[in-house]
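Trainee: Could you help me learn to read this structure, one feature at a time?
Mentor: Gladly. Let us look at it together.

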Amino acid sequence: MDYFQYKQGEYFAEGVSLSKLAEEVGTPFYCYSTATLERHYTVFSGHFKSLGAKVCFAVKANSNVGVLATLARLGCGADVVSEGEIRLAMAAGIKPKDIVFSGVGKTPAEMRFALKENIFQFNVESEPELEILNEVALSMGKRARIAIRVNPDVDPKTHAKISTGQKESKFGVSMRSALPLYTFAAGLKGIDVQGVSVHIGSQLTSLTPFAQAFARVREFVQELKDAGIAISSLDLGGGLGIPYDGQEVAPPSPEAYAEIVRQEMNGVDCELVFEPGRLLVGNAGILVTRVIYVKKSEGRVFVIVDAAMNDLIRPTLYDAHHDILPVMETDAAQTPVDVVGPVCETGDYFAEQRMLAIPKAGDLLVLRSAGAYGAVMSSTYNARPLVAEVMVKGSDYSVVRPRQSYDDIIGRDRIPGWIAEEA
Ligand code: LLP
């Protein structure tokens, strides 16, 4: 459920008119709804309250400090994958004790930073990483609290580019090699073994892979116990899918997911950690864009908008469906159109042969479900400035990231000395 809706024929973000917002901040822009974020967090965390779980938002899904601060105020922690994300999370008020550090390529410098800040846990993904973490911790006179990310070899049945829990993937340590690695870790003076972590993929639309993975983790925790290694924390990752509407299979509800967790984790005496990303922010954000031209050619209608693949890459990268709606409601007949951006690539599209009332130049369109892996994956390809990000709360709004200027883009580059000297 979200708080974007038509009110008297115009699409609103909570109490804010999107046409008015477009006038004030220009287009394209991302727009996040506070009430939706709060609702998603409250519903998800509410299901695990009685279990005393820690919810650590996967910052990679949306690292805007305004979004992070909104979640931080509700008590949300962070799952991060870089020093930059630790810094953003902390800038938003998330406490280091609520931060878990995931990722296959943590550098020694990043480890040092995270150790200095005393984060809750490193989710270690390989033996070489474990060795380096041990060395870094020892050099600082510290012990790093760790979980090892196990790879349960379960097919999450999602898009290949966002599947992580199969043995061919670069993520985690196979169940077979995990036990010796835990034994090794338990003997390291710079390491405190506290947990097991698992994350099998993103945008999962079935609970079965979760149940399989969690069951394997439960058995593994018992094996560790039998081997004399006590585990106090279990990080079950993120990955629960959200409705993108055009989808054939609707994802299960957080409630059904919580039920699976309860079933599979019954009797496991550990603090549970979750790393939801998309579920919290995906449907709390939209991308608003203006139509530049409507081009008719060879029997196709191209609606050319001012947002492009550099602003939202999901359609072309993952064949993702995002609902597209006109800001001004219309009952004009719908025909198949291609909604495309100005970038010089055929892959620059938001929708192909989508049923839509043909808009006019100047009309505003909304791409829904763009709050997760939207702005964070954007680039300045084609020298297009990063777009503005706005948060609304009731009838109030705040620009949480101003649009990048051309000077910001040009100012990042330098003419090499030997050419500058010629001038
Ligand atoms: N934990 C770990 C270790 C992860 O790698 C991820 C996502 C999450 C949690 C959060 O997963 P979520 O709850 O958001 O599904 N750019 C892609 C998605 C990449 C997901 C990467 N890892 C997309 O736009 O669909």
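Trainee: In which sense do strand β2 and β3 pair, and over how many bridges?
Mentor: The general idea is that strands of a sheet pair through backbone hydrogen bonds, either parallel or antiparallel. In this predicted model, strand β2 (residues 10-13) pairs with β3 in the antiparallel sense, over 2 bridges.

Trainee: Which strands pair with β13 in the parallel sense?
Mentor: Strand β5 (residues 54-58) pairs that way with strand β13 (residues 271-274), over 2 bridges. Look for Lys 54, whose bridge partner in β13 is Val 273. Strand β12 (residues 233-235) also pairs with β13 in the parallel sense, over 3 bridges. There, Ser 233 has Glu 271 of β13 as its bridge partner.

Trainee: Now a helix. Why is α3 described as largely enclosed by the rest of the structure?
Mentor: To judge this, count the buried residues, meaning those under 20% relative accessible area. Helix α3 (residues 65-72) has 8 residues and 6 of them are buried, so the helix is largely enclosed by the rest of the structure. The buried ones are Gly 66, Val 67, Leu 68, Thr 70, Leu 71 and Ala 72. Look also at the start of α3, where a side-chain oxygen of Asn 64 comes to within 2.7 Å of the backbone nitrogen of Gly 66.

Trainee: Which residues are closest to the ligand?
Mentor: Of the 18 residues that surround the ligand, the closest are Ser 202, Glu 275, Arg 314, Tyr 318 and Tyr 373. Next, check the polar atoms. Arg 314 has a polar side-chain atom 2.6 Å from a ligand oxygen atom, and Tyr 318 has one 2.7 Å from a ligand nitrogen atom. For Tyr 373, an N or O atom of the side chain is 2.6 Å from an oxygen atom of the ligand. On its own the ligand has 580 Å² of accessible area, and the protein covers 91% of that.

Trainee: Which residues form the nonpolar patch on the surface?
Mentor: Ile 415, Trp 418 and Ile 419 form the patch, and together they have about 380 Å² of accessible area. Ile 419 sits in helix α13 (residues 417-422). With a relative accessible area of 41%, Ile 419 is partly exposed.

Technical notes
Residues numbered from 1 in each chain as written. Predicted model: local features only at pLDDT ≥ 70, side-chain atom pairs only at ≥ 80, totals over all residues. Heavy atoms only, no water. Patch = residues over 30% accessible without salt bridge, like charges linked within 9 Å, V, L, I, M, F, W, Y side chains within 5 Å. Areas by Shrake-Rupley, 256 points an atom, 1.4 Å probe, with all protein chains shown as cover. Salt bridge = Lys/Arg side-chain N within 4 Å of Asp/Glu carboxyl O. Helix = DSSP H or I, 4+ residues; strand = E, 2+ residues; numbered from the N terminus. Buried < 20%, exposed > 50% of the residue type's maximum accessible area, 1.4 Å probe, protein only. Pairing = 2+ DSSP bridges. Polar contact = N/O pair within 3.5 Å; in protein donor to acceptor, adjacent residues only side chain to side chain. Near = heavy atom within 4 Å.
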